Amino acid sequence: MDRDILRLAVPSLGALIAEPLFLMVDSAFIARVSTVSLAGLGLASAVLTTVIGLSVFLAYSTTAAVARAFGAGRRREAITRGVDASWLALMIGAGAMLLLAIGGPWILALFGPSPEVLAEASTYLRISAFGVPAMLAVQSTTGLLRGLQNAHVPLVVALTGAALNIPLNWVLIFALELGMAGSALGTVIAQWGMGLVLLAMVAAAARREGVALRPHLGQVASAGRDAVPMFVRTVSLRVVLLAGTLVATQLGAVQLAAHQVALTVFNLLSLALDALAIAGQALTGRFLGASDPASVRAVTRRLMTWGVGGGMATGALLLATSYVLPSVFTPDPAVQESLRAALWVLMIAQPVAGYVFVLDGVLMGAGDAPYLAKVGVINALVTVPFAAIVHVSDWSGPWALAALWIACTLIFMIARAVSLGLRVRDDRWMRLGG
């Protein structure tokens with residue numbers, strides 16, 4: 001069981017880490033431009049990552065559906081589901097691109113930033129919008145490959161894209177002096193390169209299995225309906241993240257800049273733990289498709305151990321680097337102090353996050369999305385009032401940002417851990433067969 005988990009989790013770890021590396025590179029480069037630019041990047045990336053995050057069902061639902069069909073021995077059906085998901089990703093991506101390119105500045109203005117921050121954020125968001133279809137295509141095609149128990153190809157593609165993004169952004173931001181626009185343009189180019197490579201691989205697999213590549217709107221619509229509960233679950237997560245960004249914006253440019261960098265680190269650590277969740281999705285779907293509940297129980301128990309242990313390891317790593325990371329991301333002492341306070345809260349939350357992420361993955365792989373949607377809404381309703389307390393208080397500086405992270409990270413993770421732990425106490429969530 002450990003070998004099966006590691007075979008999927010280790011390459012998934014590299015692929016997942018590659019995505020926040022895009023934003024980390026942008027953050028490190030833009031911090032050298034100005035603190036206002038970094039704050040603008042934080043605001044724009046909050047909106048952009050929300051759009052991408054709301055579409056993460058393209059990866060998760062595809063992984064679970066493909067893995068179940070694969071486990072039942074129906075490879076052609078598995079490929080068909082991946083093709084449908086790819087068309088759905090491109091259609092959603094085209095709509096999101098138009099929304100952000102046209103209405104991006106209006107959306108950003110709702111957060112109430114200063115005119116200088118708004119101008120920088122609008123520049124980044126409008127250009128980055130043209131990479132959204134590629135980002136969503138990467139999600140759907142990666143879900144197909146992971147459902148087929150192949151996590152190595154997404155790893156190679158993701159690491160190649162992240163590696164090329166570094167020199168590309170440096171040239172565009174500094175050598176060509178494009179600043180914020182160069183940062184956004186470099187990321188768009190890298191994302192489209194990754195998306196086209198993975199789409200070409202899906203097309204090749206479809207031809208081998210005799211699966212038609214043209215879109216069947218009925219099947220694409222069906223794939224969309226099946227993903228609605230996962231969408232609701234994701235919305236609940238994003239509500240909490242957006243609430244945190246909204247409160248951080250009101251705390252001032254320094255706290256917003258620190259919040260942006262802390263979110264980048266949070267995404268990096270979360271996605272690293274999510275590698276175990278992806279292994280849980282793929283293996284749970286496969287074993288349920290093969291009508292093997294004993295293996296499902298075994299992989300669930302083992303992943304819980306791995307999750308808590310992994311969270312303790314990432315927490316220790318965060319503690320060891322908490323006095324180094326702030327100076328890496330920004331030369332501003334005030335931002336560094338606030339960032340350090342947020343990182344300490346994040347460190348405490350890591351073991352709980354590891355437990356939450358693996359159970360989330362197991363239940364996704366089981367197709368238990370309706371339950372995840374229901375408790376996701378409940379957990380958001382529990383958490384948001386704590387963020388509101390920070391908003392109406394007169395707290396300021398690092399303590400205010402630490403309180404915000406306690407509300408939107410630590411309390412939120414504890415609520416999720418309780419709801420997911422209650423679900424896996426028995427076998428009602430298991431649905432056997434293809």
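Colleague: What volume does the second largest cavity have?

Modeller: The second largest cavity comes to about 80 Å³. A cavity here, on a 1 Å grid over the protein atoms alone, is a set of points where a 1.4 Å probe fits but cannot get out; a pocket is an open set with protein on both sides within 12 Å along at least five of seven lines, and lining residues have an atom within 4 Å of a point. Grid points are joined across faces, edges and corners, and the volume is the space filled by probe spheres set on the points.

Colleague: Before we go on, what sort of model is it, and how are residues numbered?

Modeller: It's a predicted model: local features need pLDDT of at least 70, side-chain atom pairs count only at pLDDT 80 or more, and totals for chains, interfaces and linings use all residues. Numbering starts from 1 along each chain as its sequence is written, and side-chain values use heavy atoms, with hydrogens and water left out.

Colleague: Back to cavities. How many of 30 Å³ or more are there?

Modeller: Two cavities of 30 Å³ or more are counted.

Colleague: How do helix 10 and helix 16 pack, then?

Modeller: Helix 10 (residues 228-251) and helix 16 (residues 397-423) have axes 9 Å apart and an angle of about 170 degrees. Axes are lines fitted to C-alpha atoms, for helices over the stretch in contact, and angles run from 0 to 180 degrees between N-to-C directions. The two helices are therefore roughly antiparallel, a label for angles over 145 degrees.

Colleague: Which residues meet there?

Modeller: From helix 10, Arg 233, Leu 237, Val 240, Gly 244, Val 247, Ala 248 and Leu 251 meet Ala 400, Leu 401, Leu 404, Cys 408, Phe 412 and Arg 416 of helix 16. Contact means heavy atoms within 4.5 Å. That set divides into 10 nonpolar, one polar and two charged.

Colleague: What about helix 10 with helix 11, what's the angle?

Modeller: About 150 degrees, with the axes 7 Å apart. Helix 10 and helix 11 are therefore roughly antiparallel too. Helix 10 brings Leu 241, Gly 244, Thr 245, Ala 248, Thr 249 and Leu 251, and helix 11 brings Gln 255, Leu 256, His 259, Leu 263 and Phe 266.

Colleague: Okay, single residues. Is Ala 78 buried or exposed?

Modeller: Ala 78 is buried, at a relative accessible area of 0%. Buried means under 20%, exposed over 50%, and partly exposed in between (1.4 Å probe, protein chains only). Ala 78 lies in helix 4 (residues 75-109). Not counting residues up to four places away in sequence, Ala 78 touches Val 66, Ala 69, Phe 70, Leu 144 and Leu 148.

Colleague: And what is the phi of Gln 149?

Modeller: Near 70 degrees, a positive value in a residue other than glycine. Most residues other than glycine have a negative phi. Gln 149 sits in the loop between helix 6 (132-147) and helix 7 (152-175), and is buried at 12%.

Colleague: Where is Ser 291 found?

Modeller: In the loop between helix 11 and helix 12. Ser 291 has a positive phi of about 55 degrees, and at 42% relative accessibility it counts as partly exposed.

Methods:
Helices (H or I, at least four residues) and strands (E, at least two) are DSSP runs, numbered from the N terminus. Angles under 35 degrees count as roughly parallel, over 145 as roughly antiparallel, 65 to 115 as roughly perpendicular and the rest as oblique. Ala, Val, Leu, Ile, Met, Phe, Trp, Tyr, Cys and Pro count as nonpolar, Asp, Glu, Lys and Arg as charged, and the others, Gly among them, as polar.
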